[in-house]
Every structure is written in C-alpha cells, then in structure tokens.
Amino acid sequence: TEQTLFAWDCSKDCVMTHFWAAGSPEADQAIFRYYIDNETAPSIEFTPALACGVGFDDQAAPWGTKWMGKGAKSTGWFHNFRIPFSSIRITYQLSPDSPKDGEIWTIVRGTEGMSNGFKIGDVLLPPSSRLKLFETNKKLDPLEFIDLVDVQGAGMLFMSTMQVQSQKNFNFMEGCFHYYDHGYTDFPGMILSTGMEDYYDSAFYFNGGGFHAPVAGSTHKTQVGNTTQWSGYRFHEMDPIVFTNGMRFQWRNGDVTDAATGRKCTLDRGGILVGDPQASTVKALAWVYMF
C-alpha cells in the first residue's frame, strides 16, 4: 500500500533539493510520488532508476553528475532536482510488478526561504515555479510519432530520460526530435536532432560505448538475440529550452529522408525509409518547470 514518507507545510518559498534510495533489489521497483500544494493526483511520480535515466535494471556503478547518479553495485540512486512547493507529501509504494516484498532506505531533503527563486543554468526561476513530470509508456509502430510533452503556459524543459526496446536492430535511433511552440507550430517545427544519438550528444548509434556526462548520457545499450534495448538522459541546463505560450516535444520511431532534398526529419509521411525500424516500446520521463 502507498505509504507517506514525508509531509510538510512550508512557511515560505520551499524547495526539495535531494532524493536518495537504496535497499534490496525490489527497492528499484518502488514508486515515489510527490503531491505538491495539496494535489489529489501527484504531478511527480517515478521509479528511482528511470528518474536517473537508466532503464532495464542496469546496475552499472559508480557514476554521477551534480544532478543525479548511482553509488552502489545494487540500488543507491540519488538526484538533486529542485522541486519547489508550498506544501508537499512524498509517498512510496512497491510496484505491483515486483515479484516479492523488499526492503528500502530513503532520504529526502529540502530547504525553506528561497525567496529569490533559484537558477537552472543561467535561467532564474521564480519562486512560483512548479516542476511537472510527464510520463510516456507506449508501444509505437514504425515511423509513429509521440509527444513526450504537450503543455500550455510558460516554462522550461529541464531534462528527459528514455528507455526503448525494439527488435532486430537499433534503427529506431534514426528518429528525429521536434520542438513546437508559438513560433514553430507546423511540422517539422524546430528540429532538435536528426537522430536519437545527436540529441544525446553522441553519434553513430552510440558506438563510443556508454557514458554518464554532465549534459547527456547513454546508460544502457544491449542486443540479445533479436531484442535491442537502449536508455539515456539529456539535461537542458547548459542549452535552455524556454517557452512562453505552450510547447510540444516530439520523437519518432525511426525516420525517412526526402528524395528531393536528401534531408531527414522534414517529411511526416512518404519519403525513403532509413534502415528497417521495428515496433518499439518507449518509456520516457520529461521534467518541465512551469512558471
């Protein structure tokens, strides 16, 4: 059952600043929920590993950035995401998918009185900002588009994590990332990358191996038989994506080139298929500050 870990009514301008979880392997299946300002449905809900951009129970360690990491061979996840609130209730619950009960240790920590707000990179966020988490869990057909974020209002895309499982090959990585706001409303919007590796600061299907860099990371990549898997993360602290009138953040499962121009990412139908992308199952988290 869902258990309350921490609850607090803030005197003024409060921010949660730290999360850590360890324990038995089942701890990785725990679901954490942050109910902000008396929410009845949590605006933030995650399992520790995917929140840190790691999928498929990859326990590689130790590694860390200033924002997140993993310090033990089994579990030991942490993140330092800034989560502002006026009141908060943090809960935990073992996933119904967990095969058995487990043991978990957890720390959460925050501070009061941040009346001047706080910075993400060079962007000063007002105290009224709230962090929202958008979750995606869907099976996509080849060339199918999916919106990882679709939101109204003003804000900033803070970071995203993805895990993708497919078949036969890694051609899902040909999929481009698109960004739409009031200035880029029609397809293809603003093209953020011409493939998955570009967006995560690598190239050639991450052929340099796994990495955990300050801005981006490739945290898991395997092929066992016909099954391919990949996971990673990307922060937008150094290259902020700020919007004033809503935005959509979109990815495609594989992609095509335009025969007339030779360019990728510019056609939403037709074109020359790049490789042989298969149906893919995508789990993604996108953390967005709303102003």
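Predicted model: local features only at pLDDT ≥ 70, side-chain atom pairs only at ≥ 80, totals over all residues.
I take a polar contact as a pair of N or O atoms within 3.5 Å; within protein, one must be able to donate a hydrogen and the other to accept it, and residues adjacent in sequence count only if both atoms are side-chain atoms. I number residues from 1 along each chain as its sequence is written, and side-chain values use heavy atoms, with hydrogens and water left out.

**Entry: S24**

I looked up S24 and found it in the loop between strand 1 (3-23) and strand 2 (30-36). Helices (H or I, at least four residues) and strands (E, at least two) are DSSP runs, numbered from the N terminus. A polar atom of the S24 side chain lies 2.8 Å from the backbone nitrogen of E103. I then listed contacts (heavy atoms within 4.5 Å). Apart from neighbours within four places in sequence, S24 touches T75, G102 and E103. Is S24 buried or exposed? S24 counts as buried because its relative accessible area is 18%, and buried means under 20%, exposed over 50%, partly exposed in between (1.4 Å probe, protein chains only).

**Entry: disulfides**

I searched the whole structure for disulfides (pairs of cysteine sulfur atoms within 2.5 Å). How many disulfides does the search find? It finds 2. Counting bonded cysteines along the chain, I read the pattern as 1-2, 3-4.

C10 is joined to C14, with S to S at 1.8 Å. The link of C10 and C14 is right-handed, with 85° about the S-S bond. C10 is buried because its relative accessibility is 17%, and C14 is buried because its value is 2%.

The other bond I noted joins C176 to C265, with S to S at 2.1 Å. Here the link is left-handed, with -65° about the S-S bond. This pair connects distant parts of the chain, 89 residues apart: C176 is in the loop between strand 13 (155-167) and strand 14 (177-180), and C265 is in the loop between strand 21 (256-257) and strand 22 (272-273). Both C176 and C265 are buried.

I also checked C52, which is buried because its relative accessible area is 0%.

**Entry: A259**

I placed A259 in the loop between strand 21 and strand 22. A259 is exposed because its relative accessible area is 63%. I found its C-alpha atom 6.6 Å from that of I272, which is 13 residues apart from A259 along the chain.
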